[in-house]
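Reader: Hi! Could you walk me through this model? I have a few quick questions.

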Amino acid sequence: MASRPIRWIATIERDACAVEVIKHFHMKALIVCHAGAELGLGHLVRSLVIARALHYELGADVQLLIQGNSVERDDLAEFEHLFIGLEDNLDSEVLKQTQCNDVQIIVFDVHPRLIPENMEFLLTALRQRGCKVVGVDSLVNYRSNLDLIFIPSFHFVPSKDLTGTAPILFGWDCFLLNVKYPSIERKSGKQVLILAGGADATGLGKSLPTLLNDELPAGTKLSWVTGPYAQQPVWPASQKITMVNHQSPSGLDDLMRAANYAVTVYGVSFYELLYYGVPTVVFSPYGNKDDAELAEISAEGVALVASDEADAVVKLKELMADDKLMASLAERARQRMSVLGGHKFAQAASVLVG
């Protein structure tokens, strides 16, 4: 990646306003995350949002270290990156990359099940080398060994025994969304977008297409997205609606902008749908781990919350028949997601490295 001058000025577009940003230093950043067939793409997508914010707003040279299954993405190709296997030692590779590349700030967006056993030692070693260390989402319990915790959510309740003094940032303006277009006003129609997750870990593709085909009105045009780690969906033998499978698209922006309605599993893409103002039905197929967030989403009136995939189809059918409800959801969602988290992350990183 080409070197940039110590002090430079760039003009960026943010909320349709030109903002002049002055970079006072040359930052080198390492972002560590997970991705894979059983892990999905959420951590990688958020990491790419951070990478772009650090690079374009602060002029940082950014590298990504990704543990898990290799995947090709156009936005990933913009940055130097390295994939290592799940069986490889993440700790030693982080220390190696940090030392070889003279990193000033390191960001961890790691899967909670794959946090290294000696994470405390790793974080301590990095800070002793002079690195500023940021934990995204899953490293809250390591607050004493971090310089900043960034929660890409509106919902955070610290445990009573949480120690440490690292600042914790969270809120509706902290979502790390991979979006590239302005939000637009929504109209009713027949276009329905279905997002089952990058890995479809619960196998929704086996049964949900048939439920949708049986219940949705004739003339519906359904776009199903199959993630890079997901199995192919099973189409019903006889289709009364139009069903198109989109295989591992490099981005979802165009599909989201074209959609009149959406059904999605709870995750990062749900908030991208809210940003675009798509009237959405959301549910979590992952037990009760998302109950608190979904309860608040329902109370905010930004989306319809379903209990499972069958309930999601029922709620989608009701939504498609209620233009007033559709308009209300779209407007509330756009209002809530009017500020993007990448900009806030870049501001926090600038203060941190100083």
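This is a predicted model: local features need pLDDT of at least 70, side-chain atom pairs count only at pLDDT 80 or more; totals for chains, interfaces and linings use all residues.

Reader: Nice. Which residues line the largest cavity?

Author: The lining consists of Ala196, Gly197, Asp200, Gly205, Trp224, Val225, Thr226, Gly227, Ala230, Gln231 and Pro233.

Reader: And how do the residues of that lining divide into nonpolar, polar and charged?

Author: There are 5 nonpolar, 5 polar and 1 charged.

Reader: Switching topic: how many disulfides does the structure hold?

Author: The count is 0. Take Cys131: the nearest cysteine sulfur belongs to Cys100 and is 12 Å away. A disulfide needs the two sulfur atoms within 2.5 Å.

Reader: Is Cys131 buried or exposed?

Author: Cys131 counts as buried, because its relative accessibility is 4%.

Reader: Now the overall fold. How many helices and strands are there?

Author: The protein has 10 helices and 15 strands. Its radius of gyration is 21 Å, close to the 20 Å from the globule rule for 354 residues, so the protein is as compact as a globular protein of that length.

Reader: What percentage of the residues count as buried?

Author: That would be 53% of the 354 residues. As for contacts with a separation of 6 or more, 63% are between residues 24 or more positions apart.

Definitions and conventions:
Residues are numbered from 1 along each chain as its sequence is written. Side-chain values use heavy atoms; hydrogens and water are left out. Buried means under 20% relative accessible area, exposed over 50%, partly exposed in between (1.4 Å probe, protein chains only). On a 1 Å grid over the protein atoms alone, a cavity is a set of points where a 1.4 Å probe fits but cannot get out, and a pocket is an open set with protein on both sides within 12 Å along at least five of seven lines; lining residues have an atom within 4 Å of a point. Ala, Val, Leu, Ile, Met, Phe, Trp, Tyr, Cys and Pro count as nonpolar, Asp, Glu, Lys and Arg as charged, and the others, Gly among them, as polar. Helices (H or I, at least four residues) and strands (E, at least two) are DSSP runs, numbered from the N terminus. The radius of gyration is taken over C-alpha atoms; the globule rule is 2.2 Å times the number of residues to the power 0.38. Contact means heavy atoms within 4.5 Å.
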